[in-house]
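I opened this entry to record what I looked up, one topic at a time. The structure goes in before the notes.

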Amino acid sequence: MPVYEYHPDELAQISVVRQATGLTLSKVEERRRAAQDREGRARAAPQEPRKPTELDIASCQRLEWTRIGHIMTEQRMAVYSPDEDRRVVRREEQRAQRKAAEAAWSEQSDGGLSVEVLRHRVYRVTAGAATAPAGEEALVRHVFAASDGAAVYHARGMFGRPGSIHQGGEYRILSVEQVLPETGEFF
């Protein structure tokens, strides 16, 4: 069965658009500055070896907040409405077209099975060495998964594989936090 998965960049954009809905330009600018600060902290932090990274997510969100602020100024919106944002409307049309094309392909090749839309999220998994001295920096990885349990499963695979810093289970998961879409948001 064909599967349509949201890409982490799409999740970041969807999340920002939903948060921006109904905000004034000054509130959008506050959120843009906060996203810029988050991006700066992510640049200063140790870089993750895989995608998506904290820097990828923060950069995408900053760019989307900046774009929304520009659109609001250009169109003189008192409050942001995604229905008046041509790019958001176009993205939704393209997403619907991709799903329709995948559904048509599915019907031809799989005997009529529909496209499954996976409701994946991006989780931040923090892990440290089981025998780490106090103050040692934890490892952070971002995982694209359907649930926090699946994120832990994938993270254990990353941390435990040969050549990994903590291969052979010599690590412990310290925290698992959903970062995209924002906690409680549905898409």
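**Salt bridges**

I began with the charged pairs and counted ten salt bridges. The model is a predicted one, so I keep in mind that side-chain atom pairs count only at pLDDT 80 or more.

I looked up R43 and E39 and found their side chains joined in a salt bridge, 3.0 Å from N to O. Both belong to helix α2, where they are four residues apart, or about one helical turn. I noted E39 as buried, since its relative accessible area is 5% and buried means under 20%.

I then turned to E64 and R67, a salt bridge whose closest N and O atoms are 2.9 Å apart. Helix α3 holds both residues, three apart, which is about one turn of the helix. I found E64 and R67 both buried.

Next came R124 and E54, whose closest N and O atoms are 2.5 Å apart in a salt bridge. R124 sits in strand β3 and E54 in helix α3, so this pair ties together parts 70 residues apart in sequence. I found both R124 and E54 buried. I also followed the shared partners: R38, E54, R124 and E177 are joined into one network of salt bridges.

**The sheet**

In what order do the strands of the open sheet stand? I read the order as β4-β3-β5, three strands with antiparallel pairing. β4 (139-145) and β5 (171-180) are at the edges with a single partner strand each, so one side of each has no neighbour in the sheet. Neighbouring strands here are turned against each other by 25 degrees on average, direction ignored.

I checked the pairing of β3 (residues 121-129) with β4 and found seven bridges between these antiparallel strands. One residue I traced was V125, whose bridge partner in β4 is R141. Helix α3 (residues 54-75) lies across β3, β4 and β5, and runs at about 15 degrees to β5.

**The cores**

Which residues touch the most other members of the largest nonpolar core? I listed V28, W65, I68, M72 and Y80, out of 13 residues in that core. α1 (8-20), α2 (25-44) and α3 each supply at least two of its residues. α3 gives the most, with four.

I looked at W65 by itself, leaving aside neighbours within four places in sequence. W65 is in contact with V16, Q19, A20, L23, V28, R31, R32 and A35.

Apart from this core I found another, of eleven residues, including A145, A151, A155 and Y171.

How values were computed:
Residues are numbered from 1 along each chain as its sequence is written. Side-chain values use heavy atoms; hydrogens and water are left out. Two strands pair if DSSP finds at least two bridges between them. Axes are lines fitted to C-alpha atoms, for helices over the stretch in contact, and angles run from 0 to 180 degrees between N-to-C directions. Contact means heavy atoms within 4.5 Å. A nonpolar core is a set of buried Ala, Val, Leu, Ile, Met, Phe, Trp, Tyr and Cys residues joined through side-chain atoms within 4.5 Å. Buried means under 20% relative accessible area, exposed over 50%, partly exposed in between (1.4 Å probe, protein chains only). A salt bridge is a side-chain nitrogen of Lys or Arg within 4 Å of a carboxyl oxygen of Asp or Glu.
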